[in-house]
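User: I'd like to go through this model with you, a few quick questions at a time. Ready when you are.

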Amino acid sequence: MRYEVVLPAAGSGKRMGAGQNKLFLNLADKPILVHTLLVFERDENCTGIWLAVKDEERPFIQALIEKHNITKVKGLPTGGEERQHSVHSCIKEMSAVDVVLVHDAARPFITIPKITELAKVAYEKGAAIAGVRAKDTMKVVHNGLIKETVDRESLWMVQTPQAFRYDLLAEAEDVAEKVGFLGTDEAMLVERLGHDIHIVECSYENVKMTTQEDLIFGEAILKQRK
Ligand code: C5P
C-alpha cells in the first residue's frame, strides 16, 4: 500500500538535555533524524516525506537531506508549539493521498514490514497504530499513594507510526483545532470522532529517543542489527 509520511521533527528535546535538537545527535555514524529518514527513503511504498521543522533548523536539515541523498522529501513546513501543531502543519500543506502515516522522527528503529502492515490496515479499516503490551504491573497513583491496580491484559503502550486514511486524519485535526483539543497522539483526535482504531503489535525496539539512556539502548540495537 502506497503512503506518504509526516515526520514531526520540530521538538526541543528538553528531556534529552543535549542543549540542541536531540534528532541531530549521532547514533553510531549518523544523526537520529537521518536513520529515520533512511527507513522511509528505502521503503518502495513511501511516495513522499513531510518534515515539520523549526525555521532556524531548516537549513541544517536541508543540508543533511542532501548529504545523505534523501530524495523523497516533499516539504518542510514550520512546526508548532506542540507536536500536534507540527503534524497539522504538514497535513494542511500536503495534497490528499489515500494513506498517511505519522511517525516520530525520534523513533529510528521502525522496520519496513511493520510500516507495510500499518499502511495496509489503515487503507482497509481507516486507522491503525503501533503499540506494545505493557510489561510491568500497572498502578494508578495519586499523591504518592496506590489507588488501583489496573488489569494489564488490556493495557498497551502506544508508539508511532500511526496510520490513517488521509481524509479521516485531516478531519480529526481540523475538528481538534476548532474546539481547542490537544492530544498526545493523533489517535486521540480520531477517537474523538468515534472511529475505530486498530492496534498493530510492534516491537520494544521501536523506542523513542527521549532521554540519555535511550541512546545507549539505541547504540545496542544498531550493533545487534549489523
Ligand atoms: O518530545 P517528543 O520526543 O515526545 O517528540 C516526539 C516527536 O515530535 C519528535 O520527533 C519531535 O521532534 C517532534 N515534535 C515536533 N514539534 C513539537 C514537539 C515535538 O515536531 N512542538
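User: Is D55 buried, partly exposed or exposed?
Analyst: Bear in mind that this is a predicted model. D55 forms a salt bridge with R58, with the closest N and O atoms 3.1 Å apart. Buried would need under 20% relative accessible area and exposed over 50%. D55 comes out at 43%, so it counts as partly exposed.

User: OK, and what separates K114 and E117 along helix α4?
Analyst: These two form a salt bridge, the closest N and O atoms being 3.1 Å apart. K114 is partly exposed at 22% relative accessibility, and E117 is partly exposed at 36%. They sit 3 residues apart in α4 (residues 112-125), so the separation is about one helical turn.

User: Which residue forms a salt bridge with R133?
Analyst: The pair links distant parts of the chain, R133 being in strand β7 (residues 127-133) and its partner in strand β11 (residues 198-201), 68 residues apart. R133 is partly exposed, at 38%. The closest N and O atoms are 3.3 Å apart, and the partner is E201.

User: What about F164, buried or exposed?
Analyst: F164 lies in strand β10 (residues 156-165). Its contacts, leaving out residues up to four places away in sequence, include V99, V100, I129, L169 and V190. Its relative accessible area is 0%, so F164 is buried.

Conventions: Residues numbered from 1 in each chain as written. Predicted model: local features only at pLDDT ≥ 70, side-chain atom pairs only at ≥ 80, totals over all residues. Heavy atoms only, no water. Helix = DSSP H or I, 4+ residues; strand = E, 2+ residues; numbered from the N terminus. Buried < 20%, exposed > 50% of the residue type's maximum accessible area, 1.4 Å probe, protein only. Contact = heavy atoms within 4.5 Å. Salt bridge = Lys/Arg side-chain N within 4 Å of Asp/Glu carboxyl O.
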